[in-house]
Amino acid sequence: MGNLSAGFPALAGLPAPYIERQLTAFKHGERKNAVMQSMANPLDAKARAAIAAYYATLPVPATPEPTKRLNTQGEALAMNGVWGGKLTGVPACDSCHGPYGIGVGVSFPRLAGQPQSYISAQLTAWKNGSRTGDPLHLMSNVARQLSAAEISAVSAFYASLSPNPTTLPGLVPDGGKQ
């Protein structure tokens, strides 16, 4: 489940193809982090696949969402984006990363419950171009439009959420078949 104080991400339960793609990016220098690059460099494709499969099978503890969510700029950005009356702007993070940042498929990882410092560092890396490889440059284009305050706010919001909620606020748990 990562290391909150060090800002290391939680890998448990992330899709194996996503983890494998990140290890490959570290190995080939497409994603920069001295610690991860040194760990990924000696790994061949088979080892990367095995490691990714292992982390993907680790359970993410099911915990309820906090009863009092942050009602902040970060939540507004995550849920609604920032458009400011323009036709271009920042789409809602949840539009790609799923409701309350629980993750969608192999390209849009879970944000909920990740350390605030990790999310902030990644958004900053997308913004300044030191992280690349995102589908259609989505994250790069979004992050370049965010201010430092918005990065901090949205990072704090996602860090406050459960990584594996028992239900999502405002969503009917049984799919509406009451």
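## Where H4 meets H8

In this predicted model, Gln73, Gly74, Glu75, Leu77, Ala78 and Met79 of H4 touch Ala149, Glu150, Ala153, Val154, Phe157 and Tyr158 of H8. Contact means heavy atoms within 4.5 Å. By class, this contact has eight nonpolar, two polar and two charged residues. Ala, Val, Leu, Ile, Met, Phe, Trp, Tyr, Cys and Pro count as nonpolar; Asp, Glu, Lys and Arg count as charged; the others, Gly among them, count as polar.

Helix H4 spans residues 73-80 and helix H8 spans residues 148-159. Their axes lie 7 Å apart, at an angle of about 85°. That makes H4 roughly perpendicular to H8. Axes are lines fitted to C-alpha atoms, for helices over the stretch in contact, and angles run from 0 to 180 degrees between N-to-C directions. Under 35 degrees is roughly parallel, over 145 roughly antiparallel, 65 to 115 roughly perpendicular, and the rest oblique.

## H6 against H8

H8 also meets helix H6 (residues 116-128). The two axes come within 8 Å and cross at roughly 140°. That makes H6 oblique to H8. From H6, the contact uses Gln116, Ile119, Ser120, Leu123, Thr124 and Lys127. From H8 come Ile151, Ser152, Val154, Ser155, Ala156, Tyr158 and Ala159. The contact of H6 with H8 has seven nonpolar, five polar and one charged residues.

## H1 against H3

Helix H1 (residues 16-27) and H3 have axes that come within 8 Å and cross at roughly 140°. H1 and H3 are therefore oblique to each other. Residues of H1 in the contact include Ile19, Leu23 and Lys27. Those of H3 include Arg48, Ile51 and Tyr55. The contact of H1 with H3 divides into 10 nonpolar, one polar and three charged residues.

## The whole chain

The protein chain has eight helices and zero strands. Helices (H or I, at least four residues) and strands (E, at least two) are DSSP runs, numbered from the N terminus. With 178 residues, a compact globule would have a radius of gyration near 16 Å, and the chain's 16 Å agrees. This radius is taken over C-alpha atoms; the globule rule is 2.2 Å times the number of residues to the power 0.38.

## Confidence and method

Mean pLDDT (the predictor's confidence in each residue, from 0 to 100) is 88 for the chain, and 92% of its residues reach 70 or more.

Residues are numbered from 1 along each chain as its sequence is written, and side-chain values use heavy atoms, leaving out hydrogens and water. Local features need pLDDT of at least 70, side-chain atom pairs count only at pLDDT 80 or more, and totals for chains, interfaces and linings use all residues.
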